[in-house]
Amino acid sequence: MGRLKKLRNLIDSLKDKASLIKATLSITKCHASVNFAVLHATTHNPSPPSEKRLAAVLNFGNGSRLTACACIEVLMDRLHDTQSASVDLKCLLTIHNVINRGSFILKDQLSFYPCSGGKNFLNLSNFRDNSDVETWELSNWVRWYAGLLEQSLMVSRVLGYYFCSCSYRVDNKDKEQKVLSLLNLELLKEINVLVDFTEKICEAPDSLHVNSLVFEVMRIVGEDFMLVQSEIFVRVVELGNRMESMIYGTESTQFFNVLKRLEDCKERKNRGDNDGFWDLIRQTKKKVLMVREKREEMRLVVVTMGHRDESVSESTRFRKQIADSGQLFKSIEFN
């Protein structure tokens, strides 16, 4: 088994060297440099790319749109052409760094690749590397990570900005001003997609074989988890303040369901960090229940009063009919 692994590592190393040689044959100097940068950041070695390698890729976002487009195209080709779980995971890690740290022009190219965009645009939901047990388990991480990054881009489309981007880090006061201008349904839509992202994080594989590459993935995902909590926090506070003024019962029901999903996330992964966040979710859920119960009591009172009014009206009509009949008998007797 050890010999087979050494042989596979040797073959992977030769593949990397062959890819670099092929890159030197690129027609244009620009395309060659892009290929070199991407290949160096996404070798078969199962360790995370260095900061130097990642910076070299991100640097292509500081040039022309054509260069940024070439960078994303090469990165996506590398992602889809390989059968190696390590290479794919490093490609996804590089894409994650583009989302979090890349220039706007680089993120823009990624967001619209391919032009159809949408769910599962990374197209790795069926990926499997069956080389051995470790790569088979690593494939679980590839599929999960690809789904998470797809969900991250969907969140950004709904919010109108990259919530996990270094270039968009604002304090809670600015976020509060933004959510104040949103309608209830708009806030619920944003919370829903943010909770979708949180649920995806909590679906991370349980694996016995965790290498340094997986640890780096979980480190950067952990940072995103703290940021998504911040985004959810300000929206839950705002909707919690609007509970009394929510006209439609469907809005409070949707809000309650979202809070329930968040609590389920905590239970599933036992995420006890950031107690202030989870306390807010618990207290707001309790408040929603109280408001719903109060409205139900008021509805029952109105229904009861309505039945009582109908009974009174029926009784009044009956007495009037009797009185009218009496008047008729008196008229007959008089005649």
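Predicted model: local features only at pLDDT ≥ 70, side-chain atom pairs only at ≥ 80, totals over all residues.
Me: In which helix is the place of Thr-198, and how many residues has H9?

Reply: Thr-198 belongs to helix H9, which covers residues 184-201. H9 has 18 residues, and from its first C-alpha to its last it reaches 26 Å, close to the 26 Å expected at 1.5 Å a residue.

Me: Is Thr-198 buried or exposed?

Reply: A residue is called buried when its relative accessible area is under 20%. Thr-198 has a relative accessible area of 2%, and therefore counts as buried. Other buried residues of H9 include Leu-187, Ile-191, Leu-194, Val-195 and Ile-201.

Me: What lies 3.0 Å from a polar atom of the side chain of Thr-198?

Reply: In general, an α-helix has 3.6 residues a turn, so residues three or four places apart point the same way. In this structure, the backbone oxygen of Leu-194 is found 3.0 Å from a polar atom of the Thr-198 side chain.

Me: How many disulfides does the structure hold?

Reply: A disulfide needs two cysteine sulfur atoms within 2.5 Å, and the structure holds 0 disulfides. Cys-202 is in no disulfide, and the nearest cysteine sulfur, which belongs to Cys-265, is 4.2 Å away.

Notes
Residues numbered from 1 in each chain as written. Heavy atoms only, no water. Helix = DSSP H or I, 4+ residues; strand = E, 2+ residues; numbered from the N terminus. Buried < 20%, exposed > 50% of the residue type's maximum accessible area, 1.4 Å probe, protein only. Polar contact = N/O pair within 3.5 Å; in protein donor to acceptor, adjacent residues only side chain to side chain. Expected span 1.5 Å × (residues − 1).
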